[in-house]
Amino acid sequence: MKVFLTRLNDAYHFETKNERGDVVHLDNKSEENPQGSSPMDLILRGVAGCSSIDVVMILKKQHLELDDLQVEVEGFREDGAIPNVFKKIHLNFMLKGDIPEAKAKRAVSLSMEKYCSVSKMLEKAAEISFEVNLNEKLI
């Protein structure tokens, strides 16, 4: 796995490209008009994406189809700390579909506790918690 970064202006706007050619723009979130995500923002996006892929895969293997899947991720950092790493990360999984509650909860738990490489890596530095909502009901 390899990523290439190129600086695009005289400030903090960068373009990253992976070996397949997928492009993601990075910028400093404190810039007046940021042209991309901050690196810490990408970490939260990464854990949401990794776990969502797992959840979909687990449910598909059980022949269960989601009508919708959304994840809200919130990262908490210690103000003024250098480096200012995440101390806590909370994910709220919002699933919709004709899926038994136990299977929805199990799919998310398996992802977060066993399969998601991003969450497993991050849990070494931050406390990670999650909740599961199915059809707008906390389960």
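On a 1 Å grid over the protein atoms alone, a pocket is an open set of points where a 1.4 Å probe fits, with protein on both sides within 12 Å along at least five of seven lines, and its lining residues have an atom within 4 Å of a point. The model is predicted: local features need pLDDT of at least 70 and side-chain atom pairs count only at pLDDT 80 or more, while totals for chains, interfaces and linings use all residues. Residues are numbered from 1 along each chain as its sequence is written, and side-chain values use heavy atoms, with hydrogens and water left out.

**The whole chain**

Begin with a cartoon view, which shows 3 helices and 7 strands. Helices (H or I, at least four residues) and strands (E, at least two) are DSSP runs, numbered from the N terminus. Along the sequence their pattern is β-β-β-α-β-β-α-α-β-β. The C-alpha trace spans about 55 × 35 × 25 Å along its principal axes.

**The second largest pocket**

Select Leu-42, Ile-43, Gly-46, Ser-117, Val-118, Met-121 and Leu-122, which line the second largest pocket. This pocket holds about 170 Å³ of space, where a volume is the space filled by probe spheres set on grid points joined across faces, edges and corners. Helix H1 (39–61) and helix H3 (117–122) each supply at least two residues of this lining, and H3 gives the most, with 4 residues. The lining divides into 5 nonpolar, 2 polar and no charged residues. Here Ala, Val, Leu, Ile, Met, Phe, Trp, Tyr, Cys and Pro count as nonpolar, Asp, Glu, Lys and Arg as charged, and the others, Gly among them, as polar.

**The largest pocket**

Next, select Met-1, Lys-2, Val-3, Lys-17 and Asn-18, which lie nearest the centre of the largest pocket among its 13 lining residues. Its volume is about 350 Å³. The lining comprises 6 nonpolar, 2 polar and 5 charged residues.

**Strands E4, E5 and E6**

Now display strand E4 (residues 68–77) with E5; they run antiparallel and are joined by 10 bridges. Two strands pair if DSSP finds at least two bridges between them. E5 and E6 run parallel, with 8 bridges. Val-71 has Phe-93 in E5 as its bridge partner, and Met-94 stands opposite Asn-133 in E6.

Which two residues form an aromatic pair? A search of the whole structure finds 1 such pair. Phe-93 and Phe-130 form this pair, edge-to-face, at 6.5 Å centre to centre with 90° between the planes. Rings of Phe, Tyr and Trp (its six-membered ring) pair if their centres lie within 6.5 Å; planes under 30 degrees apart count as stacked, over 60 as edge-to-face and the rest as tilted. Phe-93 lies in strand E5 (residues 86–96) and Phe-130 in strand E6 (residues 127–134), so the pair ties together parts 37 residues apart in sequence. Phe-93 is buried at 0% relative accessibility, whereas Phe-130 is partly exposed at 26%. Buried means under 20% relative accessible area, exposed over 50%, and partly exposed in between (1.4 Å probe, protein chains only).

**Loops**

Finally, select Ile-82 and Pro-83, joined by a cis peptide bond with omega of about 0°. Pro-83 lies in the loop between E4 and E5. In the loop between H1 and E4 is His-63, a non-glycine residue with a positive phi of about 60°. His-63 is exposed, with a relative accessible area of 73%.
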